[in-house]
Amino acid sequence: MVNLTEKWVKIEVSDLANYPDGINQIYRGEIDGIHIKQVFTQAEMFLVKQNLDRKKEELSQLCSQQRYGDLIGAVLTANGSDTTSYFQDAARLRNELTAIFNPDYESTITAIFRELSGGRQVEVAHKNGNAYSPAQIRFTYPDRGGIGLHKGNEFINLPGFEQLHEIVKLKNCLSYYLVIDKPEQGGELILYDDLPEELTIPKQKLDLENCQQRRYDPEVGDLIIFHGACIWHAVSEVKGSKIRYSIGGFVGLSQDEEKIHYWA
């Protein structure tokens, strides 16, 4: 029997060299995820939160309401196969992130992924001169039920993903996220280990409380990369008066396996 805790790696940034092909190891199922501590410092993330609070109204055109709260960023499936608005929003968000994050968001994430890339080139996914968004920002509000059960493979064949399929091996790709600010309680990542690959009953009828689960609660500034496309997962309900702030997206091998791309 596999020791599930051994398939989850928690490391310092200084230990990245111990997993030089870590992204591919997750793809292959050798490990489920890597938790990297303090990719951004807590002080840096405090300033990011302040910048987001200050700019949220200014970013309202990039904001969409979700069941769990608000999402800031481009939404690839918003207009079906017509991705014109998506790429416009992605360009604006990339520009805004340079003002929100110091040190630079993309430079920092690219450098981390490069350490885990097996020597591959790392870049934001792009097609025909259009760059995909590197991330989305999520505000998960208290008492909204958290972010419900899902996995990435559920969505990869929706309209809007057609061009991305030409670039990236979307099936079984990885998810990543950083914690910008934690709530008072809740907001943990939950992995469900004994759910079938394909569900045969509606999600709302599942007895998730009695399913085998692992909970991970990264600190502010920590980065998690995990096998989000093929492992059923959720984010537990936020409690208290504080919002959970997070930023993340997806990461995967190119079709020729010579590059690592990330997008949202």
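Entry 1, a helix pair. I looked at H2 (residues 42-55) and H3 (residues 84-100), whose axes come within 9 Å and cross at roughly 125°. H2 and H3 are therefore oblique to each other. For my own reference, angles under 35 degrees count as roughly parallel, over 145 as roughly antiparallel, 65 to 115 as roughly perpendicular and the rest as oblique. The axes are lines fitted to C-alpha atoms, for helices over the stretch in contact, and angles run from 0 to 180 degrees between N-to-C directions. Helices (H or I, at least four residues) and strands (E, at least two) are DSSP runs, numbered from the N terminus. On the H2 side the contact (heavy atoms within 4.5 Å) is made by Val48, Asn51, Leu52 and Lys55, and on the H3 side by Glu96, Ala99 and Ile100. I sorted these contact residues into 4 nonpolar, 1 polar and 2 charged. In that sorting, Ala, Val, Leu, Ile, Met, Phe, Trp, Tyr, Cys and Pro count as nonpolar, Asp, Glu, Lys and Arg as charged, and the others, Gly among them, as polar.

A note on the source. This is a predicted model, where local features need pLDDT of at least 70 and side-chain atom pairs count only at pLDDT 80 or more, while totals for chains, interfaces and linings use all residues. Residues are numbered from 1 along each chain as its sequence is written, and side-chain values use heavy atoms, with hydrogens and water left out.

I searched the whole structure and got 11 of them. Rings of Phe, Tyr and Trp (its six-membered ring) pair if their centres lie within 6.5 Å; planes under 30 degrees apart count as stacked, over 60 as edge-to-face and the rest as tilted. Trp8 and Tyr216 form a stacked pair, 3.9 Å centre to centre with 15° between the planes. That pair links distant parts of the chain, with Trp8 in strand S1 (residues 8-12) and Tyr216 in strand S12 (residues 213-216), 208 residues apart.

I found a cis peptide bond joining Asn102 and Pro103, with omega about 10°. Pro103 sits in the loop between H3 and helix H4 (105-115). I also noted Asn128, a residue other than glycine with a positive phi, near 55°. Asn128 is placed in the loop between strand S6 (126-127) and strand S7 (130-131).
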